[in-house]
Amino acid sequence: MNQEFKPVEFAEIEAARDRLDDESVVKHTPVERSTSLDELTGGEIHLKMEHLQWTGSFKTRGAYNKIAQCADDGEPGRVVAASAGNHAQGVALAATKLGVDATIVMPKGAPQAKVDATRSYGADVELVGDDFRGAMRHARGLVDDETTFVHAYDDPAIVAGQGTLGLEMYEDVPDADTVVVPIGGGGLIAGIATAYAERSPDARIVGVQAAGAATVPESLQKGDPVSLESVNTIADGIATGGISELTFSLIEEHVDEVVTVTDGEIARAILLLLERAKQVVEGAGAASVAAIISDELDVADETVLALLGGGNLDMTMLQTVLVHALSDREQLLRLRVRIDDRPGKMEEISGIIAGHNANIQTVRHDRSAPELDVGEAHLVFEIETSGAGQARAIIRSIRDHGYEVRHVNA
Ligand SMILES: Cc1ncc(COP(=O)(O)O)c(C=O)c1O
């Protein structure tokens, strides 16, 4: 490994904590128990509610530590960062609190809500580039003698700032056997794991990546950080597609295990947190819960502290997640019924469904499928049900009336 990358010392995390000792910048977020998750996992599950942090994520910790350090060194008149998400808001708030001008470059397609939020914390926002890489290139080009670039994870000051969350988590639940932390670029877990290595070296530190953006398992195998050409996950906060040498070296040293979770598991976790814990958590935040309820991670009989690192869940994403998760549980059921295309068929089948007290959301005719004979059609129903039991009963009834019926994905 390149020797110029120094690991982050525990003392730097303590120094970051002193810098961050201001409730209007970073507050001590609560921890809550979840008996529903206890039942699902067989462990004692504590949730660190960092999604309730100012700006809706932990990101202000690292950004403030970095900018404050630069200000102490007499550096920036201005900072610049590239981000489409939580880092943008963290840098914006941190810079404003420290009286430093900030320019955040966001890709042109960034959700308006995130652009507005970043501006509301006091930053100038430039919309440049078709994707994150384009925004990053432009942001790097803005750096000059007066301007410091604030990276989202590849910086010891950022890692140390995120490490303050590790100190807090340890103090909240000192006897945790397992600590579960999502990984994007790795700055968050690098900081937390460095804090735990000092405070509670026996705690098992588990990292979680989205299967469609998993870089760490392969990096650990190869002994070098690998990056992906493209990523595919609903958890945009951890869709980095790469880690750095700095974060990789700390992960290698201090993280015990890294598991991956699918988007389906993340969607289920978001829904579970909404329904049971009454918490709005974004995909990157819910990944920790997705891991403990998946088969990837066994936490039976353990005291577990799972980090919910962010709550900036896009409403369009929430809709996608709800449709996916409800379909998974068959509370939203899409059925394709083959019929002779004659008057009265739709009414008859609707009547069968109504007989089960299920609500039809939509219904449409489709005559284009190649397997249909002339004079045949498909009726595609989207139905709200009470769950898998009712869904099966409806399918059985339609079949008993002589129809060919298929359950198709919503
Ligand atoms: C909510 C949330 N959780 C976890 C992470 C992962 O942090 P890191 O990129 O430092 O690994 C991010 C990164 O943006 C995030 O926004």
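Modeller: Ala195 has a relative accessible area of 0% and is therefore buried (under 20% relative accessible area; exposed is over 50% and partly exposed lies in between, with a 1.4 Å probe and protein chains only). The model is a predicted one, in which local features need pLDDT of at least 70 and side-chain atom pairs count only at pLDDT 80 or more, while totals for chains, interfaces and linings use all residues. Residues are numbered from 1 along each chain as its sequence is written, and side-chain values use heavy atoms, with hydrogens and water left out.

Ala195 belongs to helix H8 (residues 187-199); helices (H or I, at least four residues) and strands (E, at least two) are DSSP runs numbered from the N terminus. Setting aside residues up to four places away in sequence, Ala195 touches Phe10, Ile13, Gly163, Gly166 and Leu167, where contact means heavy atoms within 4.5 Å. The pair Ala195 and Ile13 is separated by 182 residues in sequence, whereas the C-alpha to C-alpha distance is 7.2 Å.

Some of these partners also take part in a helix pair. Two packed helices are described by the angle between their axes and the distance between the axes. Helix H1 (residues 10-19) and helix H7 (residues 156-172) have axes that come within 8 Å and cross at roughly 80° (axes are lines fitted to C-alpha atoms, for helices over the stretch in contact, and angles run from 0 to 180 degrees between N-to-C directions). H1 and H7 are therefore roughly perpendicular to each other, on a scale where 65 to 115 degrees counts as roughly perpendicular, under 35 as roughly parallel, over 145 as roughly antiparallel and the rest as oblique. From H1 the contact involves Phe10, Glu12, Ile13, Ala16 and Arg17, and from H7 it involves Pro156, Ala160, Gly161, Gly163, Thr164, Leu167, Glu168 and Glu171. Six of the residues in this contact of H1 with H7 are nonpolar, three polar and four charged (Ala, Val, Leu, Ile, Met, Phe, Trp, Tyr, Cys and Pro count as nonpolar, Asp, Glu, Lys and Arg as charged, and the others, Gly among them, as polar).

Moving on to the sheets, an open sheet of six strands has the order E1-E2-E10-E7-E8-E9, with mixed pairing; two strands pair if DSSP finds at least two bridges between them. Its edge strands are strand E1 (31-33) and strand E9 (257-261), each of which pairs on one side only, and the twist from one strand to the next averages 25°. Within this sheet, strand E7 (residues 178-182) and strand E8 (residues 204-210) are joined in the parallel sense by five bridges, and Thr178 has Arg204 of E8 as its bridge partner. Helix H11 packs on the sheet, touching strand E2 (44-49), E8, E9 and strand E10 (303-308), and the direction of H11 makes about 85° with that of E9.

H11 (residues 263-275) also packs against helix H12 (residues 283-293), at an angle of about 100° and with the axes 8 Å apart; H11 and H12 are therefore roughly perpendicular to each other. Among the residues that make this contact are Ile266, Ile270 and Leu273 of H11, together with Ala286, Val289 and Ile293 of H12. The contact of H11 with H12 consists of nine nonpolar residues, one polar residue and two charged residues.

Strand E3 (residues 78-82) has four of its five residues buried, so E3 is largely enclosed by the rest of the structure. E3 runs parallel to strand E4 (residues 101-106), joined by five bridges, with Arg78 opposite Asp101 in E4. From E3 the chain passes through helix H4 (residues 86-97) to E4, and this β-α-β crossover is right-handed (with the strands pointing away from the viewer, the path from the first strand over the helix to the second runs clockwise). E3 is also joined in parallel to strand E6 (residues 147-149) by three bridges, with Val80 opposite Phe149 in E6.

H4 in turn contains Gln89, which counts as buried because its relative accessibility is 4%. Apart from neighbours within four places in sequence, Gln89 is in contact with Thr55, Lys114, Ala117, Thr118, Tyr121 and Asn312.

For the protein taken whole, buried residues make up 54% of the 410 residues. Of the contacts between residues at least 6 apart in sequence, 73% join residues at least 24 apart.
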